[in-house]
Amino acid sequence: MPRKCIVCGKDSVVFIPYARAAFCREHFISFYERRILKTLKKAKFDGGRVLVGVSGGKDSMALIYALNRLSGELNIDIFTVHIDLGIYDYSKVSREIVENEMSRIGVKYEIVNVRDYLGVTIPEAVKKVRRPACSVCGIVKRWILNKIAYDNSYEYIATGHNIDDVSTYFLKALFTQRVEDLMRGHDIITPPNLEYRMIGRIRPQVYLSERENQLYCIFNDIPFVKDVCPLARGALLHKYKRLWEDILQLNPIAQINLTKTIMKLREKIPQEKVDLQKCKICGFATTSKDGICAFCKLKLRIAEER
Ligand code: SF4
Ligand code: ZN
Ligand code: ZN
């Protein structure tokens, strides 16, 4: 016998172990959206102009869809940017999905090309600098989104970090003594620091899982890219991610608890001041001792290799 939805009593289509609750389609959608709303409200987010980087994957497609639905309650004005990374067919498919879906749901969007900022595509950059693709790609995407948001007076960039990513990042940091990784990043809100041209961040899906994001897309008929990026390698983080399978059997709320524990500990420990400066080349913030940000260093390396 299927379990019954805890809200309306109809047959359920999904069971969420950490909430110990089964839902029908409609009530899972409202559970998901309430969770985003609660996460942001609890972190005292009071709205503003928000830029959402949408890759076309399930996390960012669920994010833009939910933020669009909640824009009134969250008091936000949203705008989407998709960066065409030039990763062969994978990028073509991603771009098409984002273009079609943003037009369909009526969200303002812009497609930008990584070449216009970096001079080359991501696969070309990776070949030239011989560094892991995701690290190159991450630096480039962060810089481009921050620049677009800064140039267009956006106050926040919404990112699609989910509980699987965040809890695994913390788990790895604990297992490898990376105390500095435990102390920084992944807050639900990072306020803007305009003196250093740093746009604020919001992470509305921090307490939602990849599975929940995927279900939200499926139940809302939102298309998303199903292919895996051909440049993605079995990163070490993915190996740590697998550890959760057994832990979650034992305690379904373990990921959320670990993340909340670390967030609470951080509030009790005075944060070390980071030494920010303006990049000598682009003017955006960097912590690098030589005053050149990671993005500009990458561009310089690519130019040397031409
Ligand atoms: Fe970029 Fe890595 Fe994501 Fe591919 S998997 S889009 S290289 S970050
Ligand atoms: Zn129901
Ligand atoms: Zn720079």
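This is a predicted model: local features need pLDDT of at least 70, side-chain atom pairs count only at pLDDT 80 or more; totals for chains, interfaces and linings use all residues.
Figure 1. Helix H2 covers residues 58-74, and Asn75 comes after it. Have a look at the backbone here: phi of Asn75 is near 60°, a positive value in a residue other than glycine. Is Asn75 buried or exposed? Asn75 counts as exposed, because it has 11 C-beta neighbours inside 10 Å.

**Figure 2. Helix H2 and its bend at Asn68.** The helix bends by about 45° at this residue. The buried residues of H2 include the run Lys58, Asp59, Ser60, Met61, Ala62, Leu63, Ile64, Tyr65, Ala66 and Leu67. Leu74 is buried as well. What do these buried residues pack against? Their partners are helix H1 (25-42), strands E3 and E4, helix H3, strand E6 and helix H9 (210-219).

**Figure 3. The open sheet of six strands.** Reading across the sheet, the order is E5-E4-E3-E6-E8-E7, with mixed pairing. Which strands stand at the edges? Strand E5 (109-113) and strand E7 (189-190) do, each with a single partner strand, so one side of each has no neighbour in the sheet. Helix H3 (residues 88-105) packs on the sheet, where it touches E4 (76-84) and E5. The direction of H3 makes about 155° with that of E4.

**Figure 4. The pairing of strands E3 and E6.** Strand E3 takes in residues 48-53 and strand E6 residues 156-158. The two pair in the parallel sense, over three bridges. To find your place in this view, look for Val52, which stands opposite Ala158 in E6. Strands of a sheet pair through backbone hydrogen bonds, either parallel or antiparallel.

**Figure 5. Val107, in the loop between H3 and E5.** Val107 is partly exposed, because 19 other C-beta atoms lie within 10 Å, while a residue needs 20 or more to be buried. Which residues does Val107 contact, leaving aside its neighbours within four places in sequence? Val107 is in contact with Ile64, Asn68, Ile78, Thr80 and Met102. One of these, Asn68, is where H2 bends. Tyr65 is 42 residues from Val107 along the chain, and their C-alpha atoms are separated by 9.0 Å.

**Figure 6. Helix H6 across the sheet.** Helix H6 (residues 133-151) lies across E3, E4, E5 and E6, and runs at about 150° to E3. Trp143, in H6, counts as buried because it has 21 C-beta neighbours inside 10 Å. Beyond its neighbours within four places in sequence, Trp143 is in contact with Phe284 and Phe295. Phe295 is 152 residues from Trp143 along the chain, yet their C-alpha atoms are separated by 6.7 Å. Arg142, also placed in H6, is partly exposed, with 17 other C-beta atoms within 10 Å. Arg142 and Val93 are 49 residues apart in sequence and 21 Å apart in space, C-alpha to C-alpha.

**Figure 7. Ligand 1 and the residues around it.** The shell is made up of Leu85, Ile122, Ala133, Cys134, Cys137, Gly138, Cys229, Leu231 and Ala232. Which element gives the most to this shell? Helix H6 does, with four residues.

**Figure 8. Arg130, in the loop between helix H5 (122-129) and H6.** Phi of Arg130 is near 50°, a positive value in a residue other than glycine. Arg130 counts as exposed, because it has 9 C-beta neighbours inside 10 Å.

**Figure 9. Pro191, in the loop between E7 and strand E8 (200-202).** Pro191 is exposed, with 12 other C-beta atoms within 10 Å. Arg201 is ten residues from Pro191 along the chain, and the C-alpha atoms of the two are separated by 6.6 Å.

Key
Residues are numbered from 1 along each chain as its sequence is written. Chains are lettered from A and ligands numbered from 1 in the order in which they are written. Two strands pair if DSSP finds at least two bridges between them. Two residues are in contact if their C-beta atoms, placed from the backbone, lie within 7 Å. Axes are lines fitted to C-alpha atoms, for helices over the stretch in contact, and angles run from 0 to 180 degrees between N-to-C directions. The bend at a residue is the angle between axes fitted to the seven residues ending there and the seven starting there. A residue is near a molecule or strand if its C-beta atom, placed from the backbone, lies within 6 Å of it.
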